[in-house]
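Please consult the sequence and the coordinates shown below while reading.

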Amino acid sequence: MAGALAAVLALTLTGCGSTGDGGSAGGSTKVKAAHADRVEPLEDVPEPKLPVTVDSADGKKVTVEDTSRVVPLSGSLSEIVFTLGLGKSVVARDITATFDQAGKLPVVTRAHDVSAESVLSLKPTVVLAESTTGPAEAVDQIRDAGIPLVVLDPAKGLDDVGPRIEAVAKALGVPKAGTALTSRTEARLDKVRESVPDKGKKPRVAFLYLRGSASVYLLGGRDSGASSLLEAAGAVDAGKESGLKKDFTAITSEALAKAAPDAILVMSKGLDSVGGVEGLVKIPGVAETPAGMDRRVVSVEDGVLLNYGPRTDRVLASLVDQLYGDAE
């Protein structure tokens, strides 16, 4: 699922070496990345109505009285807070918050591994966390210091986008902004869905997680987090369809042959880490797939692919464009 991959993604952002150009070499290569390095806040900056008491995903009730210093402990939560129009109140970020507006903020968590001391040193008035955020001792330390800490469940697919936005907005005392952002996001997603061409046979797409510097090559299955996006783009999740029930499994020639993808979906830094498309097809089994033979690779930025938030329409639009844009 998306949340399960967040720690792995953080390792990508901190540990992937760039050994290639992302696959620009080779005349027949079909690859380009979805660039979404800025968020688009709502036009009207909301005024929080506080205090509010909300249910935290860890079973606690949390009362928020002040949102002047917000610390979101994941990139996707940061994206929602900024897009709601409350970016000026954010005082720290997770390593996966890669969009421009958050770039200069101090990093207080990597791979969902929180530094409680770093968080507390910034004197937050509210902290937003994921149910996968840890270690538990750090979360407890923040709470024991008297800081309101709201835990949210990670999004696993497109159906979670609206409820997650509204949960964050409610916790920050701006529920109307949450409703407005949800409406905007869902309208944009619907528009992209309507643009998916009906080509008859659906393309089979395999989601690969790559970290060449550590020789980590994984094939996404049912719980990788990518299925919802791929299916909304009119494609078949090849790993899921081939019977892989876990989130990820090590790439083997046999697994790739069974998945038989027409295209391969990767994160851009992961693609760079293996030397671009030409390096990708050197991974055993890749070159023998229809995708490998056609050099058909879809690349999306690491920090946005599985966030399932206000920018997901851009990701979906890029998938549609890359899968069908060159079709006659």
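Ala 260 is partly exposed, with a relative accessible area of 26%; buried here means under 20% relative accessible area, exposed over 50%, and partly exposed in between, with a 1.4 Å probe and protein chains only. The model is a predicted one, in which local features need pLDDT of at least 70 and side-chain atom pairs count only at pLDDT 80 or more, while totals for chains, interfaces and linings use all residues. Residues are numbered from 1 along each chain as its sequence is written, and side-chain values use heavy atoms, with hydrogens and water left out.

**Backbone features**

Ala 260 is placed in the loop between helix 9 (253-259) and strand 14 (263-267). Helices (H or I, at least four residues) and strands (E, at least two) are DSSP runs, numbered from the N terminus. The phi angle of Ala 260 is near 45 degrees, a positive value in a residue other than glycine. Tyr 308 also is not a glycine and has a positive phi of about 45 degrees. Tyr 308 belongs to the loop between strand 15 (297-300) and helix 13, and with a relative accessible area of 0% it is buried.

Leu 50 and Pro 51 are joined by one, with omega about 5 degrees, and Pro 51 sits between strand 1 (33-34) and strand 2 (52-55). Gly 134 and Pro 135 are joined by another, with omega about 0 degrees; Pro 135 lies in the loop between strand 8 and helix 4 (136-144).

**Overall fold and cores**

The protein chain contains 13 helices and 15 strands. Of its 328 residues, 56% count as buried. Among contacts (heavy atoms within 4.5 Å) between residues at least 6 apart in sequence, 69% join residues at least 24 apart.

A nonpolar core is a set of buried Ala, Val, Leu, Ile, Met, Phe, Trp, Tyr and Cys residues joined through side-chain atoms within 4.5 Å. The largest such core has 60 residues, of which Leu 128, Val 168, Leu 172, Leu 229, Leu 265 and Leu 305 touch the most other members. Beyond its neighbours within four places in sequence, Leu 265 is in contact with Val 205, Ala 206, Phe 207, Leu 208, Ala 226, Leu 230, Val 298, Val 300, Leu 305 and Leu 319. A second, separate core comprises 20 residues, including Leu 208, Leu 219, Val 277 and Ala 291.

Which residues of helix 2 are buried? They are Gly 75, Ser 76, Leu 77, Ser 78, Glu 79, Ile 80, Val 81, Phe 82, Thr 83, Leu 84, Gly 85 and Leu 86, so that 12 of the 12 residues in this mostly covered helix are buried. The cover includes strand 4, strand 5 (93-94), strand 8 (126-130), strand 9 (149-152), helix 5 (161-171) and helix 6 (175-195).

Ser 74 occupies the loop between strand 4 (70-72) and helix 2 (75-86) and counts as buried at 3% relative accessibility. A polar atom of the Ser 74 side chain lies 3.2 Å from the backbone nitrogen of Leu 77. The side chains of Ser 76 and Ser 74 are joined by a polar contact of 3.3 Å, a term for a pair of N or O atoms within 3.5 Å; within protein, one must be able to donate a hydrogen and the other to accept it, and residues adjacent in sequence count only if both atoms are side-chain atoms. Ser 76 is in helix 2 and is buried, with a relative accessible area of 11%. Apart from neighbours within four places in sequence, Ser 76 is in contact with Glu 130, Arg 164 and Asn 307.

**Pockets**

On a 1 Å grid over the protein atoms alone, a pocket is an open set of points where a 1.4 Å probe fits, with protein on both sides within 12 Å along at least five of seven lines; lining residues have an atom within 4 Å of a point. Grid points are joined across faces, edges and corners, and a volume is the space filled by probe spheres set on the points. In the table, Ala, Val, Leu, Ile, Met, Phe, Trp, Tyr, Cys and Pro count as nonpolar, Asp, Glu, Lys and Arg as charged, and the others, Gly among them, as polar.

| Pocket | Volume | Lining residues by class |
|---|---|---|
| Largest pocket | About 250 Å³ | six nonpolar, six polar, one charged |
| Second largest pocket | About 180 Å³ | three nonpolar, four polar, six charged |

Of the 13 residues lining the largest pocket, Gly 85, Leu 86, Gly 87, Lys 88 and Ser 89 are the closest to its centre. The second largest pocket is likewise lined by 13 residues, and Lys 156, Gly 157, Arg 222, Ser 227 and Ser 228 are the closest to its centre.
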